[in-house]
Amino acid sequence: MKTEKKDMAAALPMVGPVTLWLLFFVALPLIFVAVISFCSIDQNYNIQFQFTLENYRRLFDASYLQIYAQSFLIAALTTVLCILLGYPFAFLIARTFPKRKAPLYMLVIIPFWTNSLIRIYGWRSFLGTNGWLNSLLQALHLTDTPVDFLFHQGTTVLGMVYCLFPFMVLPLYTAIEKLDQSLLEASSDLGAKGPVTFFRVVLPLTASGIFSGSIMVFIPCLGFFYVSDILGGGNADVIGNLIERQFQSGNNWPLGAALSIILIVITLLLVKLYQKCGGSMESLGV
């Protein structure tokens, strides 16, 4: 017992500050949001601490259900595109010469050095009617008038893929890096061609990277409201847009809090599903 108490006393200076940080900046804000989600507002939009389930009932309005479906569609398209684009790139990084790995890996990391909001505005300038893309198309006489690329669901998906692509590549790279080369050689020796080896050996062994990358892309996509605002122009809203409007223009904090709780629940369910399928929290960066 004395040894255990000594160990706890020795660990307290290191664990204590982290625990306090998580308590004040994670746990307490979440508890506050949960409490606010059961409150109401008066005629002046002031929060009334009177228990009600009205906010959660409103979440099932037809207009909200349509945005939920659109959010999941955008998130699913973004995830699939990130897999299709990220898997070959991650495979290239993992299987290339050691001297080339660092530059290729840096291509994935460099976007994190710049604020994503600035980069999305860059895409808006590039795709605008007076942007570089339209100027190039008209200079090549491919179009007579500027093409309206902005404010479509496809443009929103493009922005989501651009922002979340690194989150798919990194777990894929980790999974592919761990592949046992002898298994690929054994598959080749047994007469399996490239596609057969990929679908029957490589893909199953890297499924954990695909799943963890999918969660790391799918979940943030539901809340990246600024991408939809800037590139979608309100025509491709996600759940994050609903939350942002309730806290800003709608001034309905209890309803915004209820939407936030639903988004947190979706996140926890997806992470739990990932764990049930054999994934580890470390691969998600948790």
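What span should the 15 residues of helix 10 have, and how far apart are its end C-alpha atoms? Please bear in mind that this is a predicted model. At 1.5 Å a residue, helix 10, residues 207-221, should span 21 Å. The end C-alpha atoms are 21 Å apart, so expectation and model agree.

Staying with helix 10, its buried residues include G209, I210, S212, G213 and S214. I215, V217, F218, I219 and C221 are buried as well. Against which elements do the buried residues of helix 10 pack? The partners are helix 3 (62-95), helix 7 (153-177), helix 9 (194-205) and helix 13 (253-276).

I turn now to charged pairs. Side chains of opposite charge can pair when their charged atoms come close. In this structure there are three salt bridges.

One of them joins R57 and E54, with 2.5 Å between the closest N and O atoms. The two residues lie three apart in helix 2, residues 54-58, and are therefore separated by about one helical turn. R57 is partly exposed at 48% relative accessible area, and E54 is partly exposed at 33%.

Another salt bridge brings together the side chains of E177 and K101, at 3.0 Å from N to O. This pair links distant parts of the chain, since E177 belongs to helix 7 and K101 to helix 4 (residues 98-109), 76 residues apart. E177 is partly exposed, with 34% relative accessibility.

There is also the salt bridge between R245 and D237, whose closest N and O atoms are 2.7 Å apart.

Note on methods: Residues numbered from 1 in each chain as written. Predicted model: local features only at pLDDT ≥ 70, side-chain atom pairs only at ≥ 80, totals over all residues. Heavy atoms only, no water. Helix = DSSP H or I, 4+ residues; strand = E, 2+ residues; numbered from the N terminus. Expected span 1.5 Å × (residues − 1). Buried < 20%, exposed > 50% of the residue type's maximum accessible area, 1.4 Å probe, protein only. Contact = heavy atoms within 4.5 Å. Salt bridge = Lys/Arg side-chain N within 4 Å of Asp/Glu carboxyl O.
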